[in-house]
Amino acid sequence: MLPFGVTFYPDQWPVETWEENFRNIKKAGFNLVRFNEMAWDWIEPEPGKFNFAGLDRALDICAKHGLKVLLGIPTSQVPPWFYRLYPASRPVAQDGTLYPEFGPRPNVCKDNSRYRRLAERLTKKLVARYKNHPALLYWQVDNEPVYPPLDHTTQNDYCHCEDSRRAFLVWAKARYGSLKKLNEVWGTSFWTNHLSSWEDIRTPKAGIWEAVSPHIFLDWFRFKTDSLKGWIGHLAKIVRSTDQKHPVGTNGFIGICTRVPDHSRLCEGLDWYGLDIYPKGGRMDERGLAFMLDIWRSFTRAGKAEFHVTEMQGGQNVRWGCPDYVVGPEIKGWTKQAYERGAKALLYHAWRPPLFGAETGGFGILKADGSPTKRLDVIKKLAKEVAATFRSPKHGGLKTASTAIAYLRSSEVQTYQEQGPPRGIAGQWEAVRTDIGLTHALESASGAYQLVYKKNKELIDFIFDQDLEGGKLPYKTILLPNPYLLSRRQHENLKKWVATGGHLITEARYGQKDENGHLYPQPLLEDLLGVTYDHGEITEDGFLDVIAGKPRKYFILVKKIGRGKVSYANFSLFLTIRKGASKWQNTATLIRTIKNSL
Ligand SMILES: [Zn+2]
């Protein structure tokens, strides 16, 4: 069976409508339905008092109609009774602000010990109860795991509670082993920051864009990924200790670096990892969607997690995305693209638009009154077509990638901190802030993708810090956007790979800082190309390397190394491609040169 499904939340609809909804879901051609991932209060309405009547019934109806279920274990959001019992458990912002009680999701800090205990209990209860249910196909732990909040509702950074501080301390101790090493990496001999005891460790509360140590800032984000990964892995382990049969995974989205964890690491150890994607909400064209799908598939490449699309936009977005109407035919293209680019399961969000709550009226395949739409017609036809085309393991997907784009998380976080969000401060960074905002790394990666994307030909892989660190690089071409932070080992591996015949295309700021954000006295660019770096500048397009003996203008330098070559642009090449034209200099010829070299 090729999993082809939709979300439908029985707890949001009168019980007498369930039968009809599930029957119609099956009739539409779906074989999978997802629910319960955000409904802790449905099954534990009062602390310790469980009520599974609704969930029992919903699963039984699914089984009766031959529908399989992706069942959520709803620990991402705690019910209001949690804060009645534990008012001191609210997440804390860097300035001490407590997280709003009815604020955006998620509403809980995953380092909180009281939350963890209750979430573990809930997980055990659900798995024990439903592990043999005939409708069960997949388990989902958590939902879009992040530290609160997952969106831009506030610029506050969470969580700085005592449990998170303690977890950060334990993490740093395990990572560095000695205070000496920690002081070195965090560069504490600057502005009187030397730590003389592990207990001196604090979470970085200066805010995410102020003059906080860039090294601590980087580790704070690494810690967040590791902490989330540890917790999600722990929940998966609880599931597997009782049920070894049903695959367990979770979902997530691609977005701004201060909110999302490093997905390439979070998915390690899960059986499936699902992308939530809203192409119209993000006004993505075909290439834009392919970019997101290729990134997500690549996140799952190293581990054993299957690539899923857990939420594909099924209707009009709500107020936080572009509200462009989803007519129907566009869903066909989105769906085929997802399967072609390697998705092993796909679910739309959602069967019906909710009549209440923060997503009122959003995303439904059906109209609010339950009547059919053009979208439903399209999906019904697709169900047959998709099953016929993509059912076999060797389905009509695209050719294996010969090109990879590096998406370097450490570089991204460091670049973000140095830019900061747009704000009315004059100075050399102002143009960069205004023009490229908060997503420099992702935008640059998108420009690189634009350069090599060929419609319906082959997949494009994304590679990450750990791939460059490991050195196994089975590609003909590697594009390296935003190469600001590189370890010596990553650099040596890239050089070796070029010497064996690879083509490396890179841009300004190659290897200026090491993996911890310390400046190299001589950037690695000098070793790569045999040039002398003079200084860096900010332009309206991003960054400019000025090279000794070369004019202060944009250029591309090609150097042969062994059997391969490096094409280096001394400006933000990929961002310039993304933006379409340069205000600073005419780059059309330079971009053509790069294109022709592929
Ligand atoms: Zn916390």
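Colleague: In this predicted model, is K380 buried, partly exposed or exposed?

Modeller: The place of K380 is in helix α12, and, leaving aside its neighbours within four places in sequence, K380 is in contact with A28 and G29. The count around K380 is 14 other C-beta atoms within 10 Å, whereas a buried residue needs 20 or more and an exposed one has 12 or fewer. K380 is therefore classed as partly exposed.

Colleague: How far apart in space are K380 and I547, C-alpha to C-alpha?

Modeller: In sequence, K380 and I547 are separated by 167 residues. In space, the distance between them, taken from C-alpha to C-alpha, is 59 Å.

Colleague: On which side or sides of α3 do the buried residues L55, A58, L59, I61 and C62 lie?

Modeller: Helix α3 covers residues 53-64 and reaches 16 Å from its first C-alpha to its last, close to the 16 Å expected at 1.5 Å a residue. Its buried residues are L55, A58, L59, I61 and C62. Around the axis they cover an arc of only 160°, which means that they lie on the same side of α3.

Colleague: What covers the buried residues of α3, and which residues of α1 meet A58, I61 and C62?

Modeller: The cover includes β2 (32-35), α2 (40-43), β3 (68-73) and α5 (113-130), together with α1 (18-27). The axes of α1 and α3 come within 9 Å and cross at roughly 40°, and α1 passes α3 in a right-handed crossing. On the α1 side, the residues that meet A58, I61 and C62 are W18, E19 and F22.

Colleague: How are α5 and α8 oriented relative to each other, roughly parallel or roughly antiparallel?

Modeller: Helix α5 packs against helix α8 (residues 214-242) at an angle of about 30°, with the two axes 9 Å apart. Because angles under 35 degrees count as roughly parallel, the orientation of α5 relative to α8 is roughly parallel.

Colleague: What is the handedness of that crossing, right-handed or left-handed, and which residues of α8 make the contact?

Modeller: As α5 passes α8, the crossing is right-handed. From α5 the contact is made by E120, T123, K124, V127 and A128. From α8 it is made by L235, I238, V239 and T242.

Colleague: Where does the cis peptide bond between R105 and P106 lie, and what is omega for the one that joins H349 and A350?

Modeller: The cis peptide bond between R105 and P106 has an omega of about -10°, and P106 lies in the loop between α4 (80-85) and α5. A cis peptide bond also joins H349 to A350, with A350 placed in the loop between β8 (345-349) and α12 (374-390). For the bond between H349 and A350, omega is about 5°.

Colleague: W191 and F363 each have a positive phi in a residue other than glycine; is F363 buried or exposed?

Modeller: W191, with phi near 60°, is found in the loop between α7 (179-185) and α8, and W191 is exposed, with 9 other C-beta atoms within 10 Å. F363, with phi near 70°, has its place in the loop between β8 and α12. With 25 other C-beta atoms within 10 Å, F363 is buried.

Colleague: Which residues of α20 are exposed on the face turned away from its buried side?

Modeller: In helix α20 (residues 588-596) the buried residues are L590, I591 and I594, and, seen down the axis, they fall within an arc of 100°, so they line one face of the helix. What covers them includes α15 (440-452), β12 (503-506), β15 (556-561), β16 (564-569) and α19 (573-579). The face turned away from that buried side carries the exposed residues A588, T589, R592, K595 and N596.

Colleague: Which residue takes a positive phi just after α11?

Modeller: Helix α11 (residues 329-340) reaches 17 Å from its first C-alpha to its last, close to the 16 Å expected at 1.5 Å a residue. Its buried residues are I331, W334, T335, Q337, A338 and Y339, and their cover includes α10 (286-299), β7 (306-313), β8 and α12. Just after α11, a positive phi of about 110° is taken by G342.

Technical notes: Residues are numbered from 1 along each chain as its sequence is written. This is a predicted model: local features need pLDDT of at least 70, side-chain atom pairs count only at pLDDT 80 or more; totals for chains, interfaces and linings use all residues. Helices (H or I, at least four residues) and strands (E, at least two) are DSSP runs, numbered from the N terminus. The expected span of a helix is 1.5 Å times one less than its number of residues. The arc is that of the directions from the helix axis to the C-beta atoms. Two residues are in contact if their C-beta atoms, placed from the backbone, lie within 7 Å. Axes are lines fitted to C-alpha atoms, for helices over the stretch in contact, and angles run from 0 to 180 degrees between N-to-C directions. Angles under 35 degrees count as roughly parallel, over 145 as roughly antiparallel, 65 to 115 as roughly perpendicular and the rest as oblique. A crossing is left-handed if the near helix is turned anticlockwise from the far one by less than a right angle, and right-handed if clockwise.
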